[in-house]
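Trainee: May we go through this structure together, question by question?

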Amino acid sequence: MQPHAELDPYTEARALLSELGTAMIATGQPVQEIEEELAEVGARLGYPDVQTAVGPTGLMVTLTPGGASTYRAAVAGLRLHQAASVRLIRHQLLHRELTVQQARDELAATAKRPVQQPTWLVALAWPVLAVGIALILQPGWANVAAAAACALIVLVLVQLAERYEVVKALLPTLAAFAVSLAVFGAADAGLLEGPLRTVLPPLAVLLPGALVVNGMSELAAGHMQAGSARLAYGLSQLGLFALGLLMATTLLRVPTTTLANVRVDEIGWAGAPVGLVLIGASICLMEGVPLRLQGWVLLVLGLAFAAQVAGQELGSIALGGFVGAIAASLGASVVELRRPLLPRLVLFLPAFWLLVPGSLGLVGVTELAAGRESVTDVALGLLGVAIAISLGLLVGSSVGRALRGRLAAPVPDEATSPPVATAD
């Protein structure tokens, strides 16, 4: 590893905070949480007046009011095993177990750390994830088989997108078009029912649900620029998915009656728990989640799903999203509180993806284009679910922070901790 250039302690501390902050952006954390956590690290380094301006694509950091500032663009998105390493580095900085230069070296190594599982096993996780989601959204035997087959199509397109920029730019539309062509073609041939919900499982891993909900969460927390930018980008991506789906249905001349939001249930009650286990296992494989975290991931995933189902039974989809988001966020926070080296974000994100707000939006946009719903109904439905989930995240994270403030073990003070200095 190349050593960092020799810097004075002030400049190196600022560089560390900028590198840590951009790594946290790449893990998918909302900007309000990043600013709070960077302030904690800054105070621990001896700079209690740290000021940050965090956005979805980069951040600015200054250690003192009126002092020099640093801008750094965010790195490419990090997988969950890398997010776990970023969280551990932050924990070690707070407990003075790393020097500034050691932390910077660890962050640089984390960005390059690959998934440890074999490539073929990671590829196998794609159809397994689609099968798991199909067992929950559309539990019919033919639908589950179609979801697994179409997930392989999406996997091929994702791999092509890594090589060719044009495929990367058009990936949402191409993936939705290819999957819709196959699924609606099978429905036209009488091989399956409920094609609209069958399209969703293979595409779920690409859908911008997290973007939309994070944007709403940031807006609710007062971060207008970051929230509005992320929300606009997420909605535009959702539109590209809907465009691909509508292109396929137009080409096949699918009647509007076939675009109905119909649920097929041939598997019964066993589909949901089996699907839940498959979702957790496949996400852990795809994201390289360490073995010591996988049981906790499944636990939080199960809590979120149970809360979501209970909320839907008692009220509506929006209530289910609200209660599920509280369970996911608070559950992950409680686990991290009891076991500080288990990163909350890694435990929480798989459960967050299970809420699939992007899927609901794709269904709504498709029904709108088919003339089955009004613009007002679709917009209110999508925004209602997104707001409910974002509010659930805010409630869960706020309660989690309050519990951490009351119950967490105190960070060692200056007198009993080794000094944080640059390594020789």
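Trainee: How many helices and strands does the protein have?

Mentor: The model is a predicted one. The elements assigned in the protein are 16 helices and three strands.

Trainee: What share of the contacts between residues at least 6 apart in sequence joins residues at least 24 apart?

Mentor: Of the 424 residues, 51% count as buried. The protein exposes about 18900 Å², with carbon and sulfur atoms supplying 63% of that area. Among contacts between residues at least 6 apart in sequence, the share joining residues at least 24 apart is 74%.

Trainee: Are α5 and α6 parallel, antiparallel, perpendicular or oblique to each other?

Mentor: The axes of α5 (residues 119-137) and α6 (residues 141-161) come within 8 Å and cross at roughly 140 degrees. An angle counts as roughly antiparallel over 145 degrees and as roughly perpendicular from 65 to 115. The relation of α5 and α6 is therefore oblique.

Trainee: Is the crossing of α12 and α14 left-handed or right-handed?

Mentor: The axes of α12 (residues 291-314) and α14 (residues 344-354) come within 8 Å and cross at roughly 40 degrees. Angles under 35 degrees count as roughly parallel. The two helices are therefore oblique to each other, and α12 passes α14 in a crossing that is right-handed.

Trainee: How many residues of the contact of α12 with α14 are polar?

Mentor: On α12 the contact includes Trp 296, Phe 305 and Gln 308, which face a set in α14 that includes Val 346, Pro 350 and Leu 354. The residues of the contact divide into twelve nonpolar and no charged, and the number of polar ones is one.

Trainee: Which residues does Glu 19 touch, not counting residues up to four places away in sequence?

Mentor: Glu 19 is found in helix α1 (residues 9-26). Glu 19 is buried because its relative accessible area is 13%, and the cut-off for buried is under 20%. Leaving out residues up to four places away in sequence, Glu 19 touches Arg 72, Arg 104 and Leu 107.

Trainee: How far apart in space are Gly 227 and Gly 215, C-alpha to C-alpha?

Mentor: Gly 227 lies in helix α10 (residues 224-251) and counts as buried because its relative accessibility is 0%. Beyond its neighbours within four places in sequence, Gly 227 is in contact with Gly 215, Glu 218 and Leu 219. Gly 227 and Gly 215 are twelve residues apart in sequence, and their C-alpha to C-alpha distance is 4.0 Å.

Trainee: Is Arg 96 buried or exposed?

Mentor: Arg 96 is found in the loop between α3 (80-94) and α4 (100-111). Its phi is near 55 degrees, a positive value in a residue other than glycine. Most residues other than glycine have a negative phi. With a relative accessible area of 8%, Arg 96 is buried.

Trainee: Is Arg 253 buried or exposed?

Mentor: Arg 253 lies in the loop between α10 and α11 (271-287). Arg 253 has a positive phi of about 55 degrees although it is not a glycine. Over 50% relative accessible area counts as exposed. At 75% relative accessibility, Arg 253 is therefore exposed.

Methods: Residues numbered from 1 in each chain as written. Predicted model: local features only at pLDDT ≥ 70, side-chain atom pairs only at ≥ 80, totals over all residues. Heavy atoms only, no water. Axes fitted to C-alpha atoms, helices over the stretch in contact; angles between N-to-C directions. Helix = DSSP H or I, 4+ residues; strand = E, 2+ residues; numbered from the N terminus. Buried < 20%, exposed > 50% of the residue type's maximum accessible area, 1.4 Å probe, protein only. Contact = heavy atoms within 4.5 Å. Areas by Shrake-Rupley, 256 points an atom, 1.4 Å probe, with all protein chains shown as cover. Left-handed = near helix turned anticlockwise from the far one by under 90°. Nonpolar A, V, L, I, M, F, W, Y, C, P; charged D, E, K, R; others polar.
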